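Hello,

Here is the structure we talked about handing over. Please open it first, then read my notes below.

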Amino acid sequence: MKALADISNFQISEVGEEVCPKCGSSFKLYHTPRGVLGACKTCADRELIQSLNLPTVEDLQKMKLSKFVEQLEKVTSDIKNASVKGYKPTHESQIKAKQIVIKYINEFDGKKSIVFSGNPGVGKSHLAYAATKAIRSKGYTAVFIKSTYLLERIKASYSLNSNVSEEQIFDMLERLDLLVIDDIGSEYVKKNDGYETWASEVLYKILDMRIEKANIYTTNYTESELTDKYGNNGPRIISRMLNKAIAHRIEGKDYRRQEVF
Ligand SMILES: Nc1ncnc2c1ncn2[C@@H]1O[C@H](COP(=O)(O)OP(=O)(O)OP(=O)(O)O)[C@@H](O)[C@H]1O
Ligand SMILES: [Mg+2]
Ligand SMILES: [Zn+2]
């Protein structure tokens, strides 16, 4: 055994480097009283962070995304409690619409889309929001948003005192498992103030980056009306809306009203 005096006089010196078999970083080896020793700092740091149980980058991203979802989603009170089960079809096309939604939820793979068109009050938003909630409860990130409101939020992001940039909004929209844009086409404002051009550009950009992802679009308009509406972007927008999508027109009477006047 070495005498204590020997050990206390021992000079620790660098003797080389080693590549960590776990992470591949290199670390220094030292000549010590207990032999040649060294430890990977990268791994030690990682173990320390793991032991603290801090959220990972992915966790943080997911948290940020769900906060964004909470802030972005605005739903009118008449559909807040909408469920698929609570949708009572009174027309052949509504039976079909309900079947489409049930199948969509059950087989959700984050890649297919639905386009619901039809007159007011036939339950397009009801079914779209019911699907949003059902898919969210399966653990996916999903946002239901009216097209007008989405554009408002993007416009507001241009303001200097906005706490979120346009780029951040697009980034979040791109990352969602399901994006529901309600009432596409209702964002019409007079053509001569340039808004419609801007709106169609932004919509095009969103639909383009959501291609091959899961989306639900609802609209009061027909395909040709929408194509007209968006001018140069019309065909490109429609083509993206219909990418891997089931398009279905819901008919029937307006559920909101009983009376005529
Ligand atoms: N078949 C149905 N069964 C139960 N409730 C329904 C049905 N259809 C519509 N509703 C209810 O009627 C109201 C209007 O429906 P919804 O908002 O879905 O209509 P919409 O097709 O989106 O109309 P719009 O084109 O005006 O946006 C909501 O409160 C919705 O929950
Ligand atoms: Mg609606
Ligand atoms: Zn290592």
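In β2, which residue is the bridge partner of Gly-16? It is Leu-29.

First, some ground rules. This is a predicted model, in which local features need pLDDT of at least 70 and side-chain atom pairs count only at pLDDT 80 or more, while totals for chains, interfaces and linings use all residues. Residues are numbered from 1 along each chain as its sequence is written, and chains are lettered from A and ligands numbered from 1 in the order in which they are written.

Overall picture

The protein has 10 helices and eight strands. Helices (H or I, at least four residues) and strands (E, at least two) are DSSP runs, numbered from the N terminus. The radius of gyration is 28 Å, well over the 18 Å that the globule rule gives for 261 residues, so the protein is more spread out than a compact globule. That radius is taken over C-alpha atoms, and the rule is 2.2 Å times the number of residues to the power 0.38. Along the principal axes, the C-alpha atoms fill a box of roughly 105 × 45 × 30 Å.

Buried residues make up 24% of the 261. A residue is buried if 20 or more other C-beta atoms lie within 10 Å of its own, exposed if 12 or fewer, and partly exposed in between; C-beta atoms are placed from the backbone.

The hairpin

β1 covers residues 13-19. Its partner β2 covers residues 26-32. They pair in the antiparallel sense over six bridges. Two strands pair if DSSP finds at least two bridges between them. Six residues lie between β1 and β2 in this hairpin. Gly-24, in the turn, has a positive phi of about 85°. How many of the seven residues of β1 are buried? The count is zero, and the strand is hardly covered.

The open sheet

Five strands form an open sheet, in the order β5-β6-β7-β4-β8, with parallel pairing. The edge strands are β5 (142-146) and β8 (245-250), and each pairs on one side only. Strand β4 (residues 113-118) runs parallel to β8 and is joined to it by six bridges. Within that pairing, Val-115 has Ala-247 in β8 as its bridge partner.

Around ligand 1

Ligand 1 is surrounded by 20 residues. A residue is near the ligand if its C-beta atom, placed from the backbone, lies within 6 Å of it. The closest are Pro-120, Gly-123, Ser-125, His-126 and Tyr-255. Helix α5 (residues 124-137) gives the most to this shell, with three residues. By class, the shell has seven nonpolar, eight polar and five charged residues. Ala, Val, Leu, Ile, Met, Phe, Trp, Tyr, Cys and Pro count as nonpolar, Asp, Glu, Lys and Arg as charged, and the others, Gly among them, as polar.

Asn-53 sits in the loop between α2 (41-52) and α3. Its phi is near 60°, a positive value in a residue other than glycine. Why is Asn-53 called exposed? Because it has 6 other C-beta atoms within 10 Å.

Lys-244 sits in the loop between α10 (234-241) and β8. Lys-244 is not a glycine either, yet its phi is positive, about 50°. With 12 C-beta neighbours inside 10 Å, Lys-244 counts as exposed.

Gly-86 is in the loop between α3 (57-72) and α4 (92-106). Gly-86 has 10 C-beta neighbours inside 10 Å, so it counts as exposed.

Best wishes
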